[in-house]
Amino acid sequence: MNIFRLIGDLSHLLAIILLLWKIWKTRSCAGISGKSQVLFALVFTTRYLDLLTSFISIYNTSMKIIYLLCAYATVYMIYIKFKATYDSNHDTFRIEFLVVPVGGLAFLVNHDFSPLEILWTFSIYLESVAILPQLFMISKTGEAETITSHYLFCLGAYRALYIVNWVYRFYAEGFFDLIAIVAGCVQTILYCDFFYLYITKVMYGQKLSLPA
């Protein structure tokens, strides 16, 4: 554990809390991609199967459980509790075009050809593209609410901080995980356009919009 990973984890947690707070406060999931949230739930489920087989620390276990509970709570609120407010007409990204190739890649490129390792690798690859349905939805509707923009910014910041964490660990510990680093870089690149718009618009009180 180092300061970059800790801040990254807190940024990730803040993003999830912001999203849940937005949905609960407004009693609406308008502007939120349910498909992205399903993908994130799948990411956490396949990544944290080791909860059943190994223990690293109380912090590690607690964060895994929190991420899982929050992910499924978000999916529940979108598809069940506040289903009437879910904009399925704009959430049309074909997630099978992400899940199937990512699944195939996880079988071909992994650290160890074992069920848990393949599923962990699958979660790493899938997380790098899981936000695409949300970004696609924003580009289709033309704008995003401020709180949704804050959620996306915190998610992007979490991944960017993890890249710094990996650089630190490489020089301090000699740790290097090419799969995680490449996937993390891909994910961060997807946020670059959003970061620019966030800094130039949302921070000055304007609504964020992505080009269609």
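Colleague: What share of the accessible surface of the chain belongs to carbon and sulfur atoms?

Modeller: This is a predicted model, in which local features need pLDDT of at least 70 and side-chain atom pairs count only at pLDDT 80 or more, while totals for chains, interfaces and linings use all residues. Residues are numbered from 1 along each chain as its sequence is written, and side-chain values use heavy atoms, with hydrogens and water left out. With the Shrake-Rupley method and a 1.4 Å probe, where for residues only the protein chains shown count as cover, the accessible surface of the chain comes to about 10,700 Å², and the share belonging to carbon and sulfur atoms is 71%.

Colleague: Which radius of gyration does the chain have, and what would a compact globule have?

Modeller: The radius is taken over C-alpha atoms, and the globule rule is 2.2 Å times the number of residues to the power 0.38. The C-alpha atoms fill a box of roughly 45 × 35 × 30 Å along the principal axes. For 212 residues the rule gives a value near 17 Å, and the chain agrees with it at 17 Å.

Colleague: How many helices and strands are in the chain?

Modeller: Both are DSSP runs numbered from the N terminus, helices being H or I with at least four residues and strands E with at least two. From the N terminus on, the elements run α-α-α-α-α-α-α-α, so by that definition the chain holds eight helices and zero strands.

Colleague: Which residues touch the most other members of the largest nonpolar core?

Modeller: Such a core is a set of buried Ala, Val, Leu, Ile, Met, Phe, Trp, Tyr and Cys residues joined through side-chain atoms within 4.5 Å, where buried means under 20% relative accessible area, exposed over 50% and partly exposed in between (1.4 Å probe, protein chains only). Beyond four places in sequence, L155 touches H12, A15, F40, I131 and Y191, a contact being heavy atoms within 4.5 Å. Of the 55 residues in this core, those touching the most other members are F44 and L155.

Colleague: Where is R27, and is R27 in contact with K81 or apart from K81?

Modeller: R27 has a phi near 55°, a positive value in a residue other than glycine, and R27 is partly exposed at 40% relative accessible area. Leaving aside neighbours within four places in sequence, K81 is in contact with W24, R27 and Y76, and K81 lies in helix α3.
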